[in-house]
Amino acid sequence: MAQRCSQSRIPVKPVYGPADMVGWSDEERLGEPGAFPYTRGARAHPEERGGWIQRELSGEGDAARSNEQFKFLLSKGQTGIDVIGDTPTMGCLDPDHPFAEHAVGTQGVSLCCLDDYRELYRDLPLDGITLSHSLQPAFAVAGLYCVAGERGISPAVLRGSVLQVPYYCEDTGYALHMPFDLRLRLAVDSIAFCSEQMPRFHAFLEDTYYISDGGLDAIEEMSLGFVEIRGIVRALLARGVAIDSFAPRIAILVNCRMDFFEEIAKIRATRRLFARMMRDDFGARDARSLAVNIAAHTSGLSLTAQQPANNIVRGATQALALALAGAQAIEVSTFDEGFRIPSPEAHLVGLRTQQVIQLESGATRVADPLGGSYYVESLTDEMEKRIWERVLHIEAAGEPRQLCESGWFRRVFQEAMERHARELGDGTLRKVGTNVHQVPDREDVLLRDVAREKIEPCRERIAWLREYRQRRDAGRVSASLQALHASAEDRASNLMPAIVEATQVGATMGEMSGVLRMAYGVPADPFGMLEDPI
Amino acid sequence: MRPIRVLIGILGLDQHEVGATVVARALRDAGMEVVYLGRFNLPADIVKAAVEEGADVIGLSCHSWEYLHYLDTLLGLLREQELDVPIVVGGSVVTAEDAREIQDKGVAAAFGPTADSAEIVATVERLAGRD
């Protein structure tokens with residue numbers, strides 16, 4: 001019989017028992033919930049805080065339409081918002097860029113200037129809910145900071161997050177067409193800015209979901225995540241930012257695939273690794289610097305285009321794993337993921353999945369309910385060991401910038417995508433409806449109609465933006481872009497004040513990105529189709 | 001006989017590369033030469049590369065609806081330049097209705113998310129006249 005293995009190819013025995021725990025110290029490995037090494041959770045009593053933050057990834061069309069989406073979900077009991085940009089926005093291109101024409105607002109919200117952020121947050125209780133941003137960090141922080149200021153809300157009370165992926169974004173996910181040093185600087189500067197101005201906001205959200213959902217396994221996911229966290233932390237320390245001023249606001253947005261216990265073990269191992277790393281490698285002293293917040297998205301890659309109703313079951317299984325692992329914020333990838341960004345029906349099912357688990361199952365009545373399980377503890381130890389070995393392996397392979405530029409990271413992603421396809425093809429990874437228990441297409445009708453509706457590009461944004469550019473104070477915009485360029489040239493300065501200033505006078509994200517690229521010696525427009533902004 | 005040459009590209013700002021990568025691997029494993037253009041192409045880029053590389057077949061991978069808007073331009077450019085290179089479209093977002101619609105326009109073959117690699121390989125071989 002073939003060896004049983006977890007999805008990360010960890011050999012697994014048929015059963016675990018006391019013999020697997022010989023020499024195992026619960027004091028060293030577990031501790032109490034909310035105490036070092038935080039294996040059992042970042043907080044002592046998660047239920048007292050009302051459970052995890054429930055949110056569904058949203059954003060479609062223009063900012064006003066996305067604002068309606070938020071309000072719909074909030075009216076159904078969602079406890080935070082999570083907004084993602086369309087592909088131009090994620091790539092720092094304005095909607096009137098020739099490449100953006102057919103992509104405006106179809107896979108997220110189109111955002112490029114302060115007016116957009118005003119619409120995006122319209123009527124939302126910015127000081128009452130958490131605002132999570134799957135957007136380019138420096139620009140999203142500037143947008144939120146400016147709108148809060150206009151509404152008389154102190155940025156200091158804002159809660160939420162913005163994700164950081166400076167190492168990997170060119171190779172997997174959304175390419176910014178920016179050199180490594182600039183990407184890292186935007187991360188460092190936005191985190192440093194928030195540690196002073198928005199101290200409750202998690203500006204350092206390491207996103208291992210996005211990098212891993214092409215097919216990385218859980219060990220690859222977390223090891224690449226830790227390598228990036230360590231790189232950003234070192235860069236912040238080199239900038240003179242004190243570890244305990246930003247480390248309490250580090251969070252990790254992890255993936256959750258279908259391998260139930262492995263994903264739980266991964267999260268527990270991640271908390272433990274993080275605590276030891278922050279204490280021993282970076283000298284953090286504040287207890288909050290050691291307890292990392294874990295947010296999660298359930299895996300879009302695990303969902304299928306065939307029999308989309310099955311995806312609801314997958315989402316529920318994954319969300320239950322996350323609840324048992326003590327995740328502090330969850331987004332359930334929706335059943336129509338294989339076809340489109342979420343429909344309202346699918347959004348609601350995703351949210352209801354979380355509500356049913358939280359309110360009906362009692363899964364989170366106690367902290368870390370699986371703590372002490374022979375299997376879960378053995379798997380947690382094994383994940384911890386393998387993740388850390390791989391972190392050291394990657395760090396020994398070279399400097400991150402060099403690994404990026406030489407295509408070393410890209411090969412990791414490439415090989416993982418191919419492996420995933422191979423495993424689906426040969427049945428190593430079983431997928432109901434895809435490689436087992438398939439049905440003929442004519443029988444596969446349930447929920448297919450919802451999944452197949454298309455979203456038209458929001459092309460009216462193009463005309464709107466052209467008109468917006470006309471009505472700005474051209475002199476002030478130009479001066480602010482010159483100032484941003486000067487700030488970018490001074491490698492020791494923080495870019496955020498200049499980005500905030502430019503945002504306030506009406507500069508667009510595309511213009512600001514162009515100026516930053518120029519200061520780093522690359523073309524302002526990666527596609528060579530626009531005039532330089534300054 | 002030289003191997004079949006397939007150009008694989010993604011249009012517009014569609015960022016997902018999983019499908020393109022996997023199909024490129026399957027075609028290479030079947031003995032074909034793959035010219036991998038990757039992301040961020042407009043129709044003119046695809047046509048230019050097809051000419052320069054002497055592609056037998058053009059493969060377009062899509063995980064967004066952008067391809068639907070670009071196809072007319074792409075097919076028009078091919079016709080203008082009298083290039084008889086068949087286009088194969090594949091991607092998670094391609095529904096059966098989309099497949100019919102784009103084949104009516106002149107796309108040689110279209111694959112949705114349920115297609116398997118063997119089927120794609122066989123189709124490309126057929127379109128390149130090597131079946």
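Chain A and chain B bury about 2,700 Å² between them, with 61% of that area on carbon and sulfur atoms. On the side of chain A, the residues that lose the most area to chain B are A:F99, A:H102 and A:K454, which together make up 24% of what that side buries. The model is a predicted one.

Chain A brings 37 residues to it and chain B brings 29 residues. Between the two chains there are 3 salt bridges. In one salt bridge, the side chain of A:K454 meets that of B:D98, at 2.8 Å from N to O. Polar contacts across the interface of chain A and chain B come to 8 residue pairs, both residues of a pair being at pLDDT 80 or more.

Next comes the question of which parts of chain A face chain B. Helices α3 (87–90) and α16 (408–426) of chain A each supply at least two residues to the side that touches chain B. Of the elements, α16(A) gives the most, with 5 residues. Sorted by class, this side of chain A holds 17 nonpolar, 10 polar and 10 charged residues.

Within chain A there is a second contact to consider, this time between domains. The domain assignment divides out domain 1 (32–426) and domain 2 (472–519) of chain A. The C-alpha centres of these two domains lie 28 Å apart. In the contact, 26 residues of domain 1 of chain A meet 22 residues of domain 2 of chain A. The two domains of chain A bury about 1,900 Å² between them, and carbon and sulfur atoms give 66% of it.

Between domain 1 and domain 2 of chain A the count of salt bridges is 0. Polar contacts between these domains number 13 residue pairs, with both residues at pLDDT 80 or more. On the side of domain 1 of chain A that touches domain 2, the elements giving two or more residues are α5 (137–150) and α6 (180–197) of chain A. Here α6(A) gives the most, with 7 residues. This side of domain 1 of chain A divides into 18 nonpolar, 4 polar and 4 charged residues.

Chain A also holds an open sheet of 9 strands. Its order is β1-β9-β8-β7-β6-β5-β4-β3-β2 and its pairing is parallel. At the edges are β1 (53–54) and β2 (57–58) of chain A, each of which pairs on one side only. Strands of a sheet pair through backbone hydrogen bonds, either parallel or antiparallel. One parallel pair in chain A is formed by β3 (residues 80–84) and β4 (residues 130–134), over 5 bridges. Within this chain, A:G80 has A:T130 in β4(A) as its bridge partner.

Two details of the backbone remain. A:F36 and A:P37 are joined by a cis peptide bond, with omega about 0 degrees. A:P37 sits in the loop between α1 (26–29) and β1 of chain A. A:Q307 is a residue other than glycine with a positive phi, near 45 degrees. The place of A:Q307 is the loop between β8 (293–298) and α12 (310–325) of chain A.

Notes
Residues numbered from 1 in each chain as written. Chains lettered and ligands numbered in written order. Predicted model: local features only at pLDDT ≥ 70, side-chain atom pairs only at ≥ 80, totals over all residues. Heavy atoms only, no water. Contact = heavy atoms within 4.5 Å. Buried area = accessible area lost by both parts, 1.4 Å probe. Salt bridge = Lys/Arg side-chain N within 4 Å of Asp/Glu carboxyl O. Polar contact = N/O pair within 3.5 Å; in protein donor to acceptor, adjacent residues only side chain to side chain. Helix = DSSP H or I, 4+ residues; strand = E, 2+ residues; numbered from the N terminus. Nonpolar A, V, L, I, M, F, W, Y, C, P; charged D, E, K, R; others polar. Domains from an automatic or database assignment. Pairing = 2+ DSSP bridges.
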